[in-house]
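This report goes through the structure shown below, part by part. Please keep the view open while reading.

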Amino acid sequence: MMKVLVCISQVPDTTSKVRFKEGNTQFDTADIQYVMGPYDELALTRILEVRDAGTPMEITVVNVGDASTENTIRKAVAVGANHAVRIDAKPTDAFYVASQLAAFAKGQGFDLIVTGKEASDYNGNQVGEMLAELLDIPSISNASHIEVKGGKVVVEREMGGGKETVIAPTPFMVAGQKGFAIEPRIPAMRGIMQARKTPIKVVPAVPAEHLLTVESYELPPAKSGCKFVPKDQVDELVRLLHEEAKVL
Amino acid sequence: MSVFVFAEHKGGSFKKSTFEVVSYAKKIADMAGVELVAGVIGKVSDAEMAQLAQYGANRAMRDQQPDLETFRTRTYADALTQMAENVAANVIVFSDNFMGRGIAPRMSVKLKAALATSVVDVPKSVSPMTVKRKSFSGKAFSIVKANTPVSILSLVPNAFGVVEKPAAGFATTDFASKLRASDLAVQVEAAETVAGTMPVSEAEILVSAGRGLKSPDNWGMIEEMSQLLGPGCTTCCSRPVSDLGWRPHHEHVGQTGHVVAPNLYFAIGISGAIQHLAGVSGSKVIVAINTDPEAPFFKAADYGIVGDAFEVVPKLNKALKDFMSKQ
Ligand SMILES: Cc1cc2nc3c(=O)[nH]c(=O)nc-3n(C[C@H](O)[C@H](O)[C@H](O)COP(=O)(O)OP(=O)(O)OC[C@H]3O[C@@H](n4cnc5c(N)ncnc54)[C@H](O)[C@@H]3O)c2cc1C
């Protein structure tokens, strides 16, 4: 039985309008709908596919967050995770989050740890590798495919201008990116009922440092508007790109 | 004290993004008044190494051990950490790509150094390190401050540009870091390179097309346009196009694909959904071509043509051909 830990984050829904408050020092969470991080959802989906294809697995999902993340965690159980854990802490900087996950995972004998490429709210892209470093296990990021063969992990990764298939013994950490799974799994009614009954284990936070602090936020400058060029004047477009925008 | 930059190469040749990140690191070294040291892993000739001096590297360290031929995140992080410690680096700089993203978080843990990824600008202050980075999938920026004496930055390709600033007296020292044998169990079974293609995240110009093109058979004009625009240009696409298998997955840009920031982005037959825009809003200049004058892409674009791509693109290609031949 392979023991798998899937780390999931909760992020603002992709169509959310990003606004800030208190002199642009805080993210304005009013009217924000939260969802499971899209890459984390694909990572979980792919692990479930591997289990369904015949690799016996015991899958634990873990999230670092306050009580408001429990719906997201339940969704992970509803699609098929066996155990659910919430580490009771505010997910601030990546090192802090990775330290919480490491404190939880240490000594539990997870064979495989899987995360999504990045949490799409802060785009840190760091937690998976930091966790692997804290647990002192090897890893691969940017994985576009994973399988388990003979107890080993077989991963495809995208390199600049190419692809590699890598085979690794466990324990191992994989951060999945696009292609890992195509569509996230939708929970079935039975899963939803099951998830309601599954307890979410709440683990207290451990003391850890914040290496990086956000001082303030900025929105990108508004575009000054689109300059339309008539469709039969493509030469004019080329001229504008060359002389005005200076990008040709 | 020094600034240390990871100088990545492909098969012994440095990439343009490497020269960019060296230029950027030089700027920081000048701000801090310290030397710039480049770290290189793998087989790179002395002549190639010397190119790093052109962009301001004062010296370089090179680890050519055969066990480093395969990219293993932990092994590379081990080697680069030892180099950075050897030169007492207080700022470490990477290019924000698949290698940097794997290595930098591990070094952050090893060195207890704050890590800012997706950096888009020169630091506002070097000590404490305060710098602007992209956040919320490109919908916003944040100004972050390191709470540690050592900091690590990874720079978004094309955010700074390549700047020549020759340094005198450049020399390369060979360095043999201590590696762990246990990592060798992680092995590459097969490798496949897509010949001649540049990763979309590094391109200076992108020609991107969407479902408006209707069939994979219609990409000839898109590829032609990309070729006309030169070696810094490549093609990419919207998500449905790669999901349908019309184009390979590595071309998919947007929130769930590659996040790109080229100097020029052509969006042809792409509606401009918020998830697509999230991945391209860092582009300096956007040109949208769409039959629908109400397409949301026009709100994000700098230049627009309302028209049928099958009419406009061939004409545009002809105009580009004329323009390029005169350059
Ligand atoms: C969680 C999530 C994540 C997503 N992530 C991404 C992502 O990363 N990247 C991404 O791209 N999408 C993503 N999407 C999908 C996104 O919402 C859109 O569905 C998608 O971007 C639409 O692609 P399109 O513009 O190519 O196609 P369409 O929406 O079908 O638009 C086609 C456009 O072509 C125009 N057109 C038609 N014919 C012509 C012609 N002859 N000449 C010129 N123009 C023409 C039409 O007017 C239209 O504007 C995501 C969605 C979700 C829910």
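## Surface and overall form of chain B

In this predicted model, chain B exposes about 11900 Å². Carbon and sulfur atoms supply 52% of that area. Of the 327 residues of chain B, 62% count as buried.

The C-alpha atoms of chain B fill a box of roughly 60 × 40 × 40 Å along the principal axes. Among contacts in chain B with a separation of 6 or more, 65% join residues 24 or more positions apart.

## Nonpolar core

The largest nonpolar core has 71 residues. Leu52(B), Ile92(B), Ile103(B) and Met107(B) have the most contacts inside it. Leaving aside residues up to four places away in sequence, Met107(B) touches several residues, including Ala77(B), Leu80(B), Ile92(B), Phe94(B) and Ile152(B).

## A sheet with strands from both chains

An open sheet of 10 strands runs in the order S13(A)-S7(A)-S6(A)-S1(A)-S8(A)-S12(A)-S9(A)-S10(A)-S11(A)-S13(B), with mixed pairing. Its edge strands are S13 (200–204) of chain A and S13 (187–193) of chain B, each pairing on one side only. From one strand to the next, the twist averages 30°.

Strands S8 (residues 112–116) and S12 (residues 172–176) of chain A pair in the parallel sense over five bridges. Val114(A) has Val174(A) in S12(A) as its bridge partner.

## Helices on the sheet

Helix H4 (residues 127–135) of chain A packs on the sheet, touching S1, S8, S9 and S12 of chain A, and its direction makes about 75° with that of S9(A). Helix H4 (residues 98–111) of chain B also packs on the sheet, touching S9 and S10 of chain A, at about 95° to the direction of S9(A).

Terms used. Residues are numbered from 1 along each chain as its sequence is written. Chains are lettered from A and ligands numbered from 1 in the order in which they are written. This is a predicted model: local features need pLDDT of at least 70, side-chain atom pairs count only at pLDDT 80 or more; totals for chains, interfaces and linings use all residues. Side-chain values use heavy atoms; hydrogens and water are left out. A nonpolar core is a set of buried Ala, Val, Leu, Ile, Met, Phe, Trp, Tyr and Cys residues joined through side-chain atoms within 4.5 Å. Buried means under 20% relative accessible area, exposed over 50%, partly exposed in between (1.4 Å probe, protein chains only). Contact means heavy atoms within 4.5 Å. Two strands pair if DSSP finds at least two bridges between them. Helices (H or I, at least four residues) and strands (E, at least two) are DSSP runs, numbered from the N terminus. Axes are lines fitted to C-alpha atoms, for helices over the stretch in contact, and angles run from 0 to 180 degrees between N-to-C directions. Accessible areas come from the Shrake-Rupley method with a 1.4 Å probe; for residues, only the protein chains shown count as cover.
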